[in-house]
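Please look over the sequence and the structure shown below. The briefing after them goes through a few topics in turn.

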Amino acid sequence: MTTEELCAELACPPETPAGGLLAAWERRRAELDAALVDGTRPRPVKLRLREERRRLDEAESLAASLKLAAEAEGLLTEFRREAAKPQPSPAVLRLCLEKTKPLTAQIADAALAFACERQLAECEDALKAVANAGAVAGGADPGTGDIKSGKARGDHALHLGKAPGYSASGTVLELAPVITGETLHHPSPRYRIIAKDTIRLGRQSTADCPARYALDTEENRHRLSTISRIQTTLFARGGRILVQDGGEEGKPSRNGTIIDEQRIEGPIALNFAKERRFVLGQFGYEIRVQYFSEGFVRFTLPATADRGILPLWLLTAVTVGSSPTAGLRLDATYPPLVARILCRNNTRGLSFTLEVQKNPVSHVALDGAPCAPGATIALQNAQLLQLGNVTFAVGIA
């Protein structure tokens, strides 16, 4: 059984972390065991429960990989916490990575191993950045790894989740879910809120919405190779959204862009109140794009894609709440609208602002302090933003 199949079996979101998925599997097995010894249940119900228990038993080997992945994710979380400090300890950072590597090597499930290896590579890059920044601050030659003082460079704020002490000015706000007590309070993806006039789609890692498959296989690498580095560009102009095949310079992509089964050249104006289906490359990598009247565009990635980061294009505001039209979705126990995120001009450039709605009870907190209903707050790097029952680390770049 794969992680996708187990998520479907347990009705868990595809982005559920390893620890959360393992806990859900153990909890459901315990519930089934208790139900099967209940003598009051009719035979057809017991047969159905036995079949479900049998399917969960097929995930025994996957559970072992989930346990290893959860331990690795916990160590990488500790790495990020240490790296976010004003003067991180290189010994602690290296120890976290040294403990993570053998765990990752033991993960038998290919998808889980790939996800952990990717996070490990990001942390290794972050360690190099911290080392270089410390070397520059301490007078050493960059790249020597001699960390005497200093902080991680601002351009790595999004990867680390927290990077204190840097300007809150920027065009990209990233909200990374924080693990508390070894698990997430509630499964949540990492949101990337982009406040730009232009959004680029393609396989290039620097694209605003990069095309990536969850599994790094030979077949998927071939599929990605048919997608141009910048396949499609969206522009916000005069209250309209225009789409163009290829990059901003007008050069078309190799295999063209298909929207709702029609090949485009562009730039052409489209009404995104209706969900549009963008097909990139030759193998049907489909991104669904829709504008919501609240003031943002949502990009929905295919089920086979790497959904580690969900991009949102902020045009006027991104809403937070339990409404289906909210950009950041909370569970149904919260009001339809809890807060709004806006991007405004200031003396240093663009900055992100949080507007808390005037609900009777505040569901928003910053660094552990509840935000008053109706408050307007400028978001800063390194803050911990609690929205409902999920806590996010704030990164701005």
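The structure holds four aromatic pairs, where a pair means rings of Phe, Tyr or Trp (its six-membered ring) with centres within 6.5 Å. Planes under 30 degrees apart count as stacked, over 60 as edge-to-face and the rest as tilted. This is a predicted model, in which local features need pLDDT of at least 70 and side-chain atom pairs count only at pLDDT 80 or more, while totals for chains, interfaces and linings use all residues. Residues are numbered from 1 along each chain as its sequence is written, and side-chain values use heavy atoms, with hydrogens and water left out.

**Aromatic pairs**

- The rings of Tyr-191 and Phe-392 have centres 6.2 Å apart and planes at 65°, so this pair is edge-to-face.
- This pair links distant parts of the chain, with Tyr-191 in strand S2 (residues 190-194) and Phe-392 in strand S22 (residues 390-396), 201 residues apart. Strands (E, at least two residues) and helices (H or I, at least four) are DSSP runs, numbered from the N terminus.
- Tyr-191 and Phe-392 are both buried, meaning under 20% relative accessible area; exposed is over 50% and partly exposed lies in between (1.4 Å probe, protein chains only).
- Tyr-213 and Tyr-285 form an edge-to-face pair, 5.4 Å centre to centre with 90° between the planes.
- Tyr-213 lies in the loop between strand S4 (209-210) and helix H8 (218-225), and Tyr-285 lies in strand S11 (residues 285-292), 72 residues apart. Both Tyr-213 and Tyr-285 are buried.

**A five-stranded sheet**

- An open sheet of five strands has the order S4-S3-S5-S6-S9, with mixed pairing. Two strands pair if DSSP finds at least two bridges between them.
- S4 and strand S9 (268-270) stand at the edges with a single partner strand each, so one side of each has no neighbour in the sheet.
- Strand S3 (residues 198-202) and S4 run parallel and are joined by two bridges. Gly-202 stands opposite Pro-210 in S4.
- Strand S5 (residues 232-237) and S6 run antiparallel, joined by six bridges. Thr-232 stands opposite Asp-245 in S6.
- S5 and S6 form a hairpin with two residues between them, and Gly-238 in the turn has a positive phi of about 55°.
- Five of the six residues of strand S6 (residues 240-245) are buried, so S6 is largely enclosed by the rest of the structure.
- S6 also pairs with S9 in the antiparallel sense, over three bridges. Leu-270 in S9 is the bridge partner of Ile-241.

**Cysteines**

- How many disulfides does the structure hold? There are zero, a disulfide being a pair of cysteine sulfur atoms within 2.5 Å.
- Cys-96 is in no disulfide, and the nearest cysteine sulfur, that of Cys-123, is 8.7 Å away. Cys-123 is likewise in no disulfide.
- Cys-96 is buried, with a relative accessible area of 8%. Cys-123 is also buried, at 3%.

**Confidence**

- The protein averages a pLDDT of 81, and 87% of the residues score at least 70. pLDDT is the predictor's confidence in each residue, from 0 to 100.
- Where is confidence lowest, and where is it highest? Helix H7 (residues 157-160) is lowest at a mean of 33, and strand S12 (residues 296-300) is highest at 95.
- Over residues 135-167 the pLDDT is below 50, and this stretch has 73 contacts in the model beyond near neighbours in sequence. A contact means heavy atoms within 4.5 Å.
- Over residues 181-186 pLDDT also stays under 50, and the model has ten contacts for them beyond four places in sequence.
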